Amino acid sequence: MQAKSKKQISLSRRNTLVGISFILPNFIGFFIFVLIPVIFSLALSVTEWDGFNAMKFVGFDNFVAIFKDRVFKGSIGKTAYFSIFTVFFSMCASLGLAVLLNQKLKGKAIFRCAIFFPYVASNVAVAVVWNFLFRDIGPINNFLRSIGIANPPGWTASTDWVIPALIIVNIWKNMGYFMIVYLAALQDIPSSLYEAAQIDGANSLQRFKSITLPMLTPSTFFVVMMLTINSFKVFDLVYLMTEGGPGTASTMMSQYIYNQAFISWSYGRSSAAAMVLFLIVAALTAFQFRMEKKWVSYM
């Protein structure tokens with residue numbers, strides 16, 4: 001009995017070590033590539049450092065300086081503008097495509113792959129193609145002229161249209177992934193609910209409103225969370241397409257952080273701006289989790 005107990009303890013320890021061995025690489029990666037840089041960035045935010053000379057403690061001077069900077073204050077508004085429209089229209093487009101491709105359509109697997117493909121495409125390729133499409137003599141403006149619009153938008157060359165252009169590209173690139181999320185959720189909804197509602201006389205719109213949308217609230221919560229976080233930290237697509245221009249018309253918070261660190265060599269201000277971005281995203285995430293109980297239904 002004692003030998004058996006020792007054997008069970010040994011087996012339990014071995015299973016524990018196996019489990020730890022699976023999660024340890026992830027923890028090591030998180031510690032090295034996330035936790036340490038975040039702590040270092042927090043320390044840098046209260047110092048003045050150009051990467052070469054000695055660090056100088058300046059307290060909250062960096063935070064005061066960035067909030068006096070017109071470009072930084074503008075980047076907050078531009079990021080919010082970009083995020084609000086990206087989240088809303090990406091969610092609507094993803095849900096609409098998922099509902100459409102959940103129907104019995106011929107060749108729907110091909111359409112699913114085609115819509116999902118932009119998500120895995122290289123950002124460099126996406127930026128190059130869309131910059132060509134948005135040119136004044138490009139296909140989009142030529143089409144708009146052909147339907148009677150004499151002065152089509154300047155898109156990425158216009159201070160008024162550059163952010164809408166970036167929103168369009170971002171939606172096009174990412175909606176395929178969230179379409180798959182919604183599609184998986186739609187296929188988990190029991191068909192018996194629709195059959196019962198149909199017997200009760202509910203039409204398609206009523207079934208969608210009373211069954212589909214409530215059953216999709218957990219997936220919608222996930223989609224909104226991911227879209228909000230991703231849109232606030234967007235960088236590569238904006239940098240590749242506009243580099244924050246024309247002027248500072250499309251300078252997002254992440255672009256401002258990059259410019260301060262690698263163009264102005266002001267790591268303190270860059271880290272301070274990064275901390276502000278972190279706090280904004282953390283506050284929005286906390287708010288969304290708080291509101292989750294009011295509208296998300298786990299049936």
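View 1. Glu243 is exposed, with a relative accessible area of 55%. Exposed means over 50% relative accessible area, buried means under 20%, and partly exposed is in between (1.4 Å probe, protein chains only). This is a predicted model, in which local features need pLDDT of at least 70, side-chain atom pairs count only at pLDDT 80 or more, and totals for chains, interfaces and linings use all residues. Residues are numbered from 1 along each chain as its sequence is written, and side-chain values use heavy atoms, with hydrogens and water left out. Glu243 lies in the loop between α11 and α12. Helices (H or I, at least four residues) are DSSP runs, numbered from the N terminus. Glu243 is not a glycine, yet its phi is positive, at about 55 degrees.

**View 2. The bond from Gly245 to Pro246 is cis.** Omega for this peptide bond is near -5 degrees. Pro246 belongs to the loop between α11 (236-241) and α12.

View 3. Trp155 is found in the loop between α6 (139-146) and α7.

**View 4. Helices α12 and α13 pack together.** Two packed helices are described by the angle between their axes and the distance between the axes. Here α12 (residues 253-262) and α13 (residues 267-295) pack at about 160 degrees, with axes 7 Å apart. Axes are lines fitted to C-alpha atoms, for helices over the stretch in contact, and angles run from 0 to 180 degrees between N-to-C directions. The two helices are therefore roughly antiparallel, a term for angles over 145 degrees. Residues of α12 in the contact include Met253, Tyr256 and Ile257. Those of α13 include Tyr267, Arg269 and Ser270. Contact means heavy atoms within 4.5 Å. By class, the contact has 11 nonpolar, two polar and one charged residues. Ala, Val, Leu, Ile, Met, Phe, Trp, Tyr, Cys and Pro count as nonpolar, Asp, Glu, Lys and Arg as charged, and the others, Gly among them, as polar.

**View 5. Ala261 is buried in helix α12.** Its relative accessibility is 4%. Leaving aside neighbours within four places in sequence, Ala261 is in contact with Ser266, Tyr267 and Ser270. The C-alpha atoms of Ala261 and Arg70 are 17 Å apart, and the two residues are 191 residues apart along the chain.

**View 6. Phe85 and Phe89 form a stacked aromatic pair.** The whole structure holds 24 aromatic pairs. In this one, the ring centres are 6.1 Å apart, with 10 degrees between the planes. Rings of Phe, Tyr and Trp (its six-membered ring) pair if their centres lie within 6.5 Å; planes under 30 degrees apart count as stacked, over 60 as edge-to-face and the rest as tilted. Both residues lie in helix α3 (residues 70-101), four residues apart, about one turn of the helix. Phe85 is partly exposed at 38%, and Phe89 is partly exposed at 41%.

**View 7. Trp265 and Tyr267 meet edge-to-face.** Their ring centres are 6.2 Å apart and their planes stand at 75 degrees, so the pair is edge-to-face. Trp265 is partly exposed, at 39%, whereas Tyr267 is buried, at 17%. Both belong to one aromatic cluster, whose members include Phe40, Trp49 and Phe52.

Key:
Angles under 35 degrees count as roughly parallel, over 145 as roughly antiparallel, 65 to 115 as roughly perpendicular and the rest as oblique.
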